[in-house]
Amino acid sequence: MSTLEPERGTGTGTLVEPTPQVSHGDGDHERFAHYVQKDKIMASALDGTPVVALCGKVWVPGRDPKKYPVCPMCKEIFESLGAGGDQGGKGDGKK
């Protein structure tokens, strides 16, 4: 065996832990307002933690949601919850 090649099973490796994908760009998903629980929006405003929309988008809210159309996927999920859904509605929860 060559001295340049490490022996199998004795090398060290790097453990890479997945991190949440917080969006900062202006992609297509950024052009929509998203449905999020109102209490999560309030918590995010206080401590800057990311929120998760009904469609799965993760981000830290910072724009006026009234300037954007509602995300079609969030809207479909919200409507499927019916009147008894406990997701909190859109209100200030839109991006």
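Modeller: Let us begin with exposure. Glu-76 has a relative accessible area of 60%, so this residue counts as exposed. Glu-76 is found in helix 2. Please bear in mind throughout that the model is predicted.

Colleague: How far apart are Glu-76 and Leu-54 in sequence and in space?

Modeller: Glu-76 and Leu-54 are separated by 22 residues in sequence and by 9.4 Å in space, C-alpha to C-alpha.

Colleague: What pattern does the protein chain follow when read along the sequence?

Modeller: The pattern is α-β-β-α. The protein chain contains two helices and two strands.

Colleague: How is burial to be read for the chain, and what share of the residues is buried?

Modeller: A residue is called buried because its relative accessible area is under 20%. Of the 95 residues in the protein chain, 20% are buried. The accessible surface of the chain comes to about 7100 Å², and carbon and sulfur atoms account for 54% of that surface.

Colleague: Which residues form the largest nonpolar core?

Modeller: A nonpolar core is read as buried residues joined through side-chain atoms. The largest one here has nine residues: Tyr-35, Val-36, Ile-41, Val-51, Ala-53, Cys-55, Trp-59, Cys-71 and Cys-74. To see the surroundings of one member, take Val-51. Leaving aside residues up to four places away in sequence, Val-51 touches Val-36, Lys-40, Ile-41, Ser-44, Lys-57, Val-58, Trp-59 and Pro-61.

Colleague: How does one describe a pair of aromatic rings?

Modeller: Such a pair is described by the distance of the centres and the angle of the planes. In this structure there is one aromatic pair. The ring centres of Tyr-35 and Phe-78 are 4.8 Å apart and the planes are at 5°, so the pair is stacked. Tyr-35 belongs to the segment before helix 1 (38–47) and Phe-78 to helix 2 (residues 72–81), so the pair ties together parts that are 43 residues apart in sequence.

Colleague: How many disulfides does the structure have?

Modeller: A disulfide requires two cysteine sulfur atoms within 2.5 Å. By this rule the count is zero. Consider Cys-55: the closest cysteine sulfur is that of Cys-74, and the 3.6 Å between the two sulfurs is too far for a bond.

Colleague: Are Cys-55 and Cys-74 buried or exposed?

Modeller: Cys-55 is buried, because its relative accessible area is 17%. Cys-74 is also buried, because its relative accessibility is 0%.

Colleague: Where does Gly-56 lie, and how far is Gly-56 from Val-36?

Modeller: Gly-56 is in the loop between strand 1 (51–52) and strand 2. With a relative accessible area of 41%, Gly-56 is partly exposed. The C-alpha atoms of Gly-56 and Val-36 are separated by 9.8 Å, and these residues are 20 residues apart along the chain.

Colleague: Which loop holds Tyr-68 and Val-60?

Modeller: Tyr-68 lies in the loop between strand 2 (58–59) and helix 2, and Val-60 lies in the loop between strand 2 and helix 2. Tyr-68 is partly exposed, with a relative accessible area of 25%. The C-alpha atoms of Tyr-68 and Ala-33 are 5.4 Å apart, although 35 residues separate the two along the chain. Val-60 is partly exposed at 36% relative accessibility. Between the C-alpha atoms of Val-60 and Ala-45, 15 residues apart along the chain, the separation is 8.6 Å.

Colleague: What share of the contacts with a separation of 6 or more joins residues 24 or more positions apart?

Modeller: In the protein chain, that share is 63%.

Note on methods:
Residues numbered from 1 in each chain as written. Predicted model: local features only at pLDDT ≥ 70, side-chain atom pairs only at ≥ 80, totals over all residues. Heavy atoms only, no water. Core = buried A, V, L, I, M, F, W, Y, C linked by side-chain atoms within 4.5 Å. Buried < 20%, exposed > 50% of the residue type's maximum accessible area, 1.4 Å probe, protein only. Contact = heavy atoms within 4.5 Å. Phe/Tyr/Trp six-rings, centres within 6.5 Å; stacked < 30°, edge-to-face > 60°. Helix = DSSP H or I, 4+ residues; strand = E, 2+ residues; numbered from the N terminus. Areas by Shrake-Rupley, 256 points an atom, 1.4 Å probe, with all protein chains shown as cover.
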